[in-house]
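Have the viewer open and follow along.

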Amino acid sequence: MKAAVYKGNKTFSIIERELMEPHAEEVRIKVAYTGVCGTDVHIYHGMMDKRVAIPETIGHEMSGTIDAVGEKVSDFKIGDKVVVRPLDDRKVKPSDKGFNHICEELKFIGIDSSGSMQQFWNVPAFTLHKLKPETNLRLAALIEPLSVAVHDVRLSGLKAGETAVILGGGPIGLLVALVAKQTGAQVVVSEVNDTRIAKAEELGLTAINPLKMDLVGYVKSITENRKADVVFEVAGVQATLDMMTEVAGIRGRIVMVAIHGQKKEVDLFQFFWKELKLIGVRVYEKEDYEKAIELVTENKLKFEKLITEVRPLSDIQQVFEDIDKQPDGMKILMDCQQ
Ligand SMILES: [Zn+2]
C-alpha cells in the first residue's frame, strides 16, 4: 500500500508500506479522504519537528471505511463508514477532572503518532465514530474541523436571536460562522482577504472587510447599538485582539479559538467596563463529533464549497507547495486511494 511520509525540510515522499493486521483492539481503515489542516502546514514548515517522529505519516482530518477489525473489537464491522476522533486520552488521570479531551497527557493522533495520509490506517477502535451508510465521504473529511466549530459554538452558549461576530474567515472561522448561523444567530464574518470574503459570501454568509468598512459601526447598525453577544477570535493577530473587546457588547462572551503562541496585549479594562467574559476552547468532545456527523449526514450546512480541490495523495509534495503559493485557499482534500 501507498503511504505519504513527512521527512522534514519541507519534504514528503510516497513510500510502499506493508499492509498491517490490526491489533486486538484496533481496526484497519481504508482511508477515503484526508483534508490538509493548518497544523499539517505547520508541520511541513518544520515548526513541529520536535514533536513529530520523522519520518512520519501525518494527517487527521479524514473519512474512510473499515477494512479489517481486531479480535476484541465488537462495535464495528468491515464496510462501516467511519471517522476518527484523533485524541488518544488513554493516560487520563483524576486531576484531569473528567475533561479527557484536554487531559494533561493527551496525545494527538496524526501528530504524536501516525496519521491518515496513507491508503490504509490502523487505529484504536475507541477513536472511531460510525457514519451512516448514506454519509458522503468527501464531506465527512470535514467532520474533524467541523467538530472544532461545533465545540466552540457550544461553549460560547450562543442562542438563536443573538449576534455573533467571527474575526477571521479561514476554514475554521467559516465553519464557526456556519454553525453559529445554523443555531439561529445573526452572523457577521470579519476578514481582510478578498478571496476569503468572496468564499464566505458564496456560502451565504455576511462578510465585512474591516479595513474598508467600519465593522463596529456595522454591527451596531444591525443590533440597535447592542453590538455582539458573542465574538469568536479566530485570526490570532493583534488587530483582532483589539477588535474583539471593541465589537463585544455589554456582557459579551469572547471565545478564543486562535492559538496565540506568544503573550499579546488585550484591553482588559473592557472586561471590567462591559462585564465581558473570555472563554477558552480546545479541540472537541464526543458529543461535538456526534453533532458534526449529524450536520454532515443531513447536509444541513451546505458547505461543499469549502472544499476547493480534491487531489491524489501521490501529489502530496505539490499540494503543500501550492498551499504555500496560495495560502488563502480553503480546504484541500487528498484522495488517499490515488
Ligand atoms: Zn485539523
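Is H60 buried or exposed? H60 counts as buried, because its relative accessibility is 2%; here buried means under 20% relative accessible area, exposed means over 50%, and partly exposed is in between (1.4 Å probe, protein chains only). Before going further, note that this is a predicted model, where local features need pLDDT of at least 70 and side-chain atom pairs count only at pLDDT 80 or more, while totals for chains, interfaces and linings use all residues. Residues are numbered from 1 along each chain as its sequence is written, and side-chain values use heavy atoms, with hydrogens and water left out.

**The zinc site**

H60 is one of the residues holding the zinc ion: the coordinating atoms are C37 (SG), H60 (NE2) and E61 (OE), at 2.2 to 2.5 Å. Donors are N, O and S atoms within 2.8 Å of the metal (3.2 Å for Na, K and Ca), and sites may look incomplete because water is not among the atoms. Along the sequence, the spacing of the donor residues reads C-x22-H-E. E61 is buried as well, because its relative accessibility is also 2%.

Now for the helices, which are DSSP runs (H or I, at least four residues; strands are E, at least two), numbered from the N terminus. Two packed helices are described by the angle between their axes and the distance between the axes. The axes are lines fitted to C-alpha atoms, for helices over the stretch in contact, and angles run from 0 to 180 degrees between N-to-C directions.

| Helix pair | Angle | Axis distance |
|---|---|---|
| α3 (residues 143–156) and α4 (residues 171–182) | about 55° | 8 Å |
| α3 and α9 (residues 286–297) | roughly 115° | within 8 Å |

The α3 and α4 pair is therefore oblique; under 35 degrees counts as roughly parallel, over 145 as roughly antiparallel, 65 to 115 as roughly perpendicular and the rest as oblique. Ala, Val, Leu, Ile, Met, Phe, Trp, Tyr, Cys and Pro count as nonpolar, Asp, Glu, Lys and Arg as charged, and the others, Gly among them, as polar.

α3 and α9 also make a right-handed crossing. Among the residues in contact are I143, H151 and R154 of α3, along with E287, Y289 and K291 of α9. The contact of α3 with α9 contains 8 nonpolar, 2 polar and 5 charged residues.

Where is the cis peptide bond at P55? The bond runs from I54 to P55, with omega near -5°, and P55 sits in the loop between α1 (38–44) and β4 (61–69).

The loop between α6 (215–221) and β13 (228–233) holds N225, whose phi is near 70°, positive despite not being a glycine. K227 lies in the loop between α6 and β13 too, and has a positive phi of about 65°, again without being a glycine. N225 counts as exposed because its relative accessibility is 55%, whereas K227 is buried, with a relative accessible area of 18%.

Notes. A crossing is left-handed if the near helix is turned anticlockwise from the far one by less than a right angle, and right-handed if clockwise. Contact means heavy atoms within 4.5 Å.
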